[in-house]
Amino acid sequence: MIFVTVGTVMPFDRLIIALDEWAAAHPGTAVFAQIGSGTYLPKSMEWDRSLAPSLFREKVEAAEVVVAHAGIGSYLTSAGARTPLVMMPRRKALGEHTTDHQLATANWLRGREGIFVAEDETGIEQAISEAMDSVAGPDQFSDHAPEAFVNRLNAYIRGREA
Amino acid sequence: MTQRVLAICSSGGHWMQLMRLQRSFEGLDVAYACTRADYEKDVPGHRFYVVGEVNSKSLQRMPRTLYTVMRALLKERPDTIITTGALPGLTALVLGKVFFRSKTIWIDSIANSEQISVSGRHASRIADVFLTQWPHLSSPDGPDYWGAVI
């Protein structure tokens, strides 16, 4: 199963349409999409607007590949489950987000094990194909921020650091 | 008396970054606030508030955000407010600073690897601690860099 997510806050129909077309062309692979507030309703894949966090994690764990907008939540959840991740960044010029920070996130994560960046919808087919052939998802990390950061914040909040 | 902390942010990556800071609140009386009600399950045993989602493309929602954030602040009267963004978190820092003289901490999302977020730039004017998670974005005049949550 391929799990598609564009978060829940802003629509990202460009990615949902691309995956609906991919699903139509690959009827042997189940595709499930969390489409958020998008206006395009998929025809060739199952979908929901928003999944509860526990169900979202289950989908990411069960998926062969996750296809997502280049959001940090999608990255952290995929890394937690070690599920290969295809990312396509939202673009401000297309009204898909308030800034182009998802381009920056895609640039930051590009080339890491288990991460496959599609610059736009024309790169989706190849990125999914590479992700399906990959051996592992993104590297996992600890559930917590580094101890030095945590301790410094705690000390500041307690008033023990100026 | 145990210090009261309000940890507040938007959904998705902002919340996941905030969750990675939970150990920073050990020994403190922390309440959480987010724009999604179903996140309450992530913080069992803590007070939890739902606040209105707003972003620069949906500023018409700001009155509801102001109302829900203010209601949470009136209940909590936090000594410290900490946020990982975005606009609802900025709203909490501003209201908390003005009405409750709270200490305010802004941690810009790790998503902002090339420039500080728009909300972060506004927060820099009122945050007592203003952090980026990217060393190359820090400067002597702020933001500071204490590390990243990942």
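Visitor: Which residues of α4(A) are buried?
Guide: In this predicted model, A:H101, A:Q102, A:T105, A:A106 and A:L109 of α4(A) are buried, meaning that 20 or more other C-beta atoms, placed from the backbone, lie within 10 Å of a residue's own. Helices are DSSP runs of H or I with at least four residues, strands are E runs of at least two, and both are numbered from the N terminus.

Visitor: Where do they sit around the axis?
Guide: They are on the same side of α4(A), because they cover an arc of only 145°, taken over the directions from the helix axis to the C-beta atoms.

Visitor: And what do they pack against?
Guide: The buried residues of α4(A) pack against β4 (65-69), α3, β5 (85-88) and β6 (115-117) of chain A, where contact requires C-beta atoms within 7 Å.

Visitor: Switching to the interface, how many residues of chain A are in contact with chain B?
Guide: There are 29 residues of chain A in contact with 34 residues of chain B, and α6(A) gives the largest share of the chain A side, eight residues.

Visitor: What about β5 of chain B, is that strand enclosed or open?
Guide: Five of the five residues of β5(B), residues 103-107, are buried, so the strand is largely enclosed by the rest of the structure. B:K103, B:I105 and B:I107 point one way, whereas B:T104 and B:W106 point the other way.

Key:
Residues numbered from 1 in each chain as written. Chains lettered and ligands numbered in written order. Predicted model: local features only at pLDDT ≥ 70, side-chain atom pairs only at ≥ 80, totals over all residues. Contact = placed C-beta atoms within 7 Å. Buried ≥ 20, exposed ≤ 12 C-beta atoms within 10 Å, placed from the backbone.
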